[in-house]
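Colleague: I have a model open and would like to go through it with you before I set anything up. Could you take my questions one at a time?

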Amino acid sequence: MIRFAYFGEEDFDQLIEWSGDEAFLLQWSGPQFKYPLTASQLEAYLEGANDPEQSGRLVYKVIDSETDLTIGHLSIGNIDRHNRSARIGKVLVGHTARRGRGTGQAMIREALRIGFEELRLHKMTLGVFDFNEAAIRCYEKEGFVREGLIRDSKRMGDTYWNLIEMGILEREWHGTSR
């Protein structure tokens, strides 16, 4: 269905095209990127990334295995090899025709496989805004549990967004892995 490949400079234009308006950019990327998304922000994002042995961040494009089209984006960041933990972020099903068809869940499943099998992590976390009910359901289906709520975490215009912190432990993933 999907496969991951390292995100590179050749992928910048596609991600910028998908980045959306200010609210959508914040929703999928968190506070790291500022609207409008630019190549210079993406260059900084990739600095030091994608060395599976040493980097603190692995950045992926998501490719449809049948069509070879890039359909999404995801990163595994905050990799802490001592504590064996990392954070999934920048989750985006960019190809709109693929939304609502299980692509996000397949992306999370592959990120968990990389984290727990390849990186030998103990715990993986992520944050999701509380209004993003489809994403919350997706993460829960893959075994994530809610660990907390950060109220009024980010401001968008005159509104504040609450962030749900979620996590999954290696033993929980082994219990749900397919």
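Colleague: To start with a side chain I was looking at, is Arg113 buried or partly exposed?

Modeller: Arg113 is partly exposed, with a relative accessible area of 26%; buried means under 20% relative accessible area, exposed over 50%, and partly exposed in between, with a 1.4 Å probe and protein chains only. Please keep in mind that this is a predicted model, in which local features need pLDDT of at least 70 and side-chain atom pairs count only at pLDDT 80 or more, while totals for chains, interfaces and linings use all residues. Residues are numbered from 1 along each chain as its sequence is written, and side-chain values use heavy atoms, with hydrogens and water left out.

Colleague: Which side chain does Arg113 meet in a salt bridge?

Modeller: The side chain of Arg113 meets that of Glu117, at 3.7 Å from N to O, where a salt bridge is a side-chain nitrogen of Lys or Arg within 4 Å of a carboxyl oxygen of Asp or Glu. Glu117 and Arg113 are separated by about one helical turn because they are 4 residues apart in helix α4; helices (H or I, at least four residues) and strands (E, at least two) are DSSP runs, numbered from the N terminus. Glu117 is partly exposed at 38% relative accessibility.

Colleague: What about Arg98, which partner does it have?

Modeller: Arg98 forms a salt bridge with Asp64, with 2.2 Å between N and O. This pair links distant parts of the chain, since Arg98 is in the loop between β4 and α4 while Asp64 is in strand β2, 34 residues apart. Arg98 is buried, with a relative accessible area of 10%, and Asp64 is also counted as buried, at 9% relative accessibility.

Colleague: And where are Glu165 and Arg87?

Modeller: Glu165 and Arg87 form a salt bridge whose closest N and O atoms are 2.8 Å apart. Glu165 is in strand β7 and Arg87 in strand β4, so that pair links distant parts of the chain, 78 residues apart. At 23% relative accessibility, Arg87 counts as partly exposed.

Colleague: Changing topic, how many residues are in the largest nonpolar core?

Modeller: The largest nonpolar core has 33 residues, and those with the most contacts inside it are Phe4, Leu74, Ile76, Ile88, Leu112, Tyr139 and Phe144; such a core is a set of buried Ala, Val, Leu, Ile, Met, Phe, Trp, Tyr and Cys residues joined through side-chain atoms within 4.5 Å. At least two residues of this core come from each of β1, β2 (58-64), β3, β4, α4 (103-118), β5, α5 (133-141) and β7. The largest share, 7 residues, is supplied by α4. Apart from this core lies another one, of 14 residues, among them Trp18, Leu25, Trp28 and Val59.

Colleague: Which residues of helix α2 are buried, and what covers them?

Modeller: In α2 (residues 22-29), the buried residues are Leu25, Leu26, Trp28 and Ser29. What covers them includes α1 (12-18), β3 (70-80), β4 (85-93), β5 (123-129), β6 (145-156) and β7 (159-169). After α2 comes Gly30, whose phi is positive, near 70 degrees.

Colleague: What does Ser19 touch?

Modeller: Not counting residues up to four places away in sequence, Ser19 touches Phe24, Leu25, Trp28 and Leu37, contact meaning heavy atoms within 4.5 Å. Ser19 is in the loop between α1 and α2 and is buried, at 4% relative accessibility. A polar atom of the side chain of Ser19 lies 2.7 Å from the backbone oxygen of Ile16.

Colleague: Last one, over which ring does the charged end of Lys90 sit?

Modeller: The charged end of Lys90 sits over the ring of Phe33, 5.7 Å from its centre; the criterion is NZ of Lys or CZ of Arg within 6 Å of the ring centre and within 35 degrees of the ring normal.

How values were computed:
A polar contact is a pair of N or O atoms within 3.5 Å; within protein, one must be able to donate a hydrogen and the other to accept it, and residues adjacent in sequence count only if both atoms are side-chain atoms.
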